Amino acid sequence: MVVHAAATGLIAAMAYLALVRLGALSLARDPATPRWRLGRAVVTLALGTSLAVVWEMCEWFGHTQIDDRIQVGYTDTMGDLVAGGVGSAVAAVLLARGLLLADARR
């Protein structure tokens, strides 16, 4: 569970910063947008949650099409998704507060 939380949070933050580098998102603190931190957090949480779902679909595919020894099941999947959501939420808070952005502005 800890690995799912940490990995998903890290990947969510990296995905957000990759979108910034590609120009799809901005790091600008726009005074006209008073809730810019909330937007940054929502996008990061959504990215992490979406990527966790894709990961679980890949696990299911691997179990059904490649090797049935790959562990899947309702409890496993839900636990992994919750852990991924928690990790994404932590990354979202850290990004919203600017704590993961020291080198991102270069």
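Begin with a pocket: in the lining of the second largest pocket, α2 supplies the largest share, four residues. To see the whole lining, select Y16, L25, S26, L27, A28, D30, T33, W36, G39, R40 and V43. This pocket holds about 150 Å³ of space. Its lining residues divide into six nonpolar, three polar and two charged. Keep in mind throughout that this is a predicted model.

**Overall view**

Clear the selection and show the whole chain. The protein has three helices and zero strands, running α-α-α from the N terminus. Along the principal axes, the C-alpha trace spans about 50 × 25 × 20 Å. Colour the helices separately for the next stops: α1 is residues 2-21 and α2 is residues 36-66, while α3 is 74-96.

**Stop one: α1 and α2**

Two packed helices are described by the angle between their axes and the distance between the axes. Select α1 and α2, whose axes come within 8 Å and cross at roughly 125 degrees. That angle makes α1 oblique to α2. The crossing of α1 past α2 is right-handed. Now show side chains: on α1 the contact uses H4, T8, I11, A12, A13, A15, Y16 and L19, and on α2 it uses R40, V43, T44, L47, G48, L51, A52, W55 and E56. Sorted by class, this contact of α1 with α2 has 11 nonpolar, four polar and two charged residues.

**Stop two: α1 and α3**

The axes of α1 and α3 are 7 Å apart, and the packing angle is about 45 degrees. Therefore α1 is oblique to α3. Here too, α1 passes α3 in a right-handed crossing. From α1, select H4, A5, T8, G9, A12, A13, Y16 and L17; they meet D80, A83, G84, G87, S88, A91 and L95 in α3. In this contact of α1 with α3 there are eight nonpolar residues, six polar and one charged.

**Stop three: α2 and α3**

How are α2 and α3 oriented, roughly parallel or roughly antiparallel? They pack at an angle of about 155 degrees with their axes 8 Å apart, so α2 is roughly antiparallel to α3. Their crossing is right-handed. On the α2 side, select W36, R37, R40, A41, T44, L45, G48, T49, A52, V53, E56 and E59; on the α3 side, D76, T77, D80, L81, G85, S88, A89, A91, A92, L95 and A96. By class, the contact of α2 with α3 comprises 11 nonpolar, six polar and six charged residues.

**Stop four: the largest pocket**

Rolling a probe the size of a water molecule over the atoms shows where empty space is left. The largest pocket holds about 200 Å³ of space.

Notes:
Residues are numbered from 1 along each chain as its sequence is written. This is a predicted model: local features need pLDDT of at least 70, side-chain atom pairs count only at pLDDT 80 or more; totals for chains, interfaces and linings use all residues. Side-chain values use heavy atoms; hydrogens and water are left out. Axes are lines fitted to C-alpha atoms, for helices over the stretch in contact, and angles run from 0 to 180 degrees between N-to-C directions. Helices (H or I, at least four residues) and strands (E, at least two) are DSSP runs, numbered from the N terminus. Angles under 35 degrees count as roughly parallel, over 145 as roughly antiparallel, 65 to 115 as roughly perpendicular and the rest as oblique. A crossing is left-handed if the near helix is turned anticlockwise from the far one by less than a right angle, and right-handed if clockwise. Contact means heavy atoms within 4.5 Å. Ala, Val, Leu, Ile, Met, Phe, Trp, Tyr, Cys and Pro count as nonpolar, Asp, Glu, Lys and Arg as charged, and the others, Gly among them, as polar. On a 1 Å grid over the protein atoms alone, a cavity is a set of points where a 1.4 Å probe fits but cannot get out, and a pocket is an open set with protein on both sides within 12 Å along at least five of seven lines; lining residues have an atom within 4 Å of a point. Grid points are joined across faces, edges and corners, and a volume is the space filled by probe spheres set on the points.
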